[in-house]
Amino acid sequence: TDGQIDDLINNAPRILNEINKQIKEQEISGVTQDQMKGLLQKRQMLELVTNNAEVINIIGKPIIKKILSFVKGI
C-alpha cells in the first residue's frame, strides 16, 4: 500500500497531463462540461495531489497507513 501511495504521488503530474489532454480533446469534439464531470473530478483530485505532494508525504501518508492498518484489523 505504501508503494501505491508513493506511485500515485510520483505519477500524479504525468497522469494530470494525460487527463488535461483528454479534456482538451473532448472539448474540441464538442463534449460539454457536464458530460466530462468524471474527467474534471479526476483533474481536480490530481491537481490537489500534485500541488500538495510534500504535505501528503509528511502528514498524509502516516495517517493513511494508520487508517489502512485499522481497516485490515477489522
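Is Ile 59 buried, partly exposed or exposed?

Author: Let's start with the ground rules. This is a predicted model, where local features need pLDDT of at least 70, side-chain atom pairs count only at pLDDT 80 or more, and totals for chains, interfaces and linings use all residues. Residues are numbered from 1 along each chain as its sequence is written, and side-chain values use heavy atoms, with hydrogens and water left out.

Now to your residue. Ile 59 is partly exposed, with a relative accessible area of 49%; buried means under 20%, exposed over 50%, and partly exposed is in between (1.4 Å probe, protein chains only). You'll find Ile 59 in helix H3, residues 53-73. Helices here are DSSP runs (H or I, at least four residues; strands are E, at least two), numbered from the N terminus.

Together with Val 55, Ile 58, Ile 63, Ile 67, Phe 70, Val 71 and Ile 74, Ile 59 makes a nonpolar surface patch of about 850 Å². A patch takes residues with over 30% relative accessible area and no salt bridge, joining nonpolar side chains (Val, Leu, Ile, Met, Phe, Trp, Tyr) within 5 Å and like charges within 9 Å. The areas come from the Shrake-Rupley method with a 1.4 Å probe, and for residues only the protein chains shown count as cover.

A word of caution about this helix: H3 has the lowest mean pLDDT among the elements, 75, while H2 has the highest, 92. That score is the predictor's confidence in each residue, from 0 to 100. For the protein the mean is 86, and 97% of residues reach 70 or more.

For contrast, look at the inside. The largest nonpolar core has 11 residues, including Ile 19, Ile 23, Met 36 and Leu 46. Such a core is a set of buried Ala, Val, Leu, Ile, Met, Phe, Trp, Tyr and Cys residues joined through side-chain atoms within 4.5 Å. H1 and H2 are the elements that give it two or more residues, and H1 brings the largest share, six.

Met 36, one of the core residues, sits in the loop between helix H1 (2-28) and helix H2 (37-51). Met 36 counts as buried because its relative accessibility is 2%. Beyond neighbours within four places in sequence, Met 36 is in contact (heavy atoms within 4.5 Å) with Ile 23, Gln 26, Glu 27 and Val 31. Counted likewise, Ile 19 touches Leu 39, Lys 42, Arg 43 and Leu 46.

Definitions and conventions: Salt bridge = Lys/Arg side-chain N within 4 Å of Asp/Glu carboxyl O.
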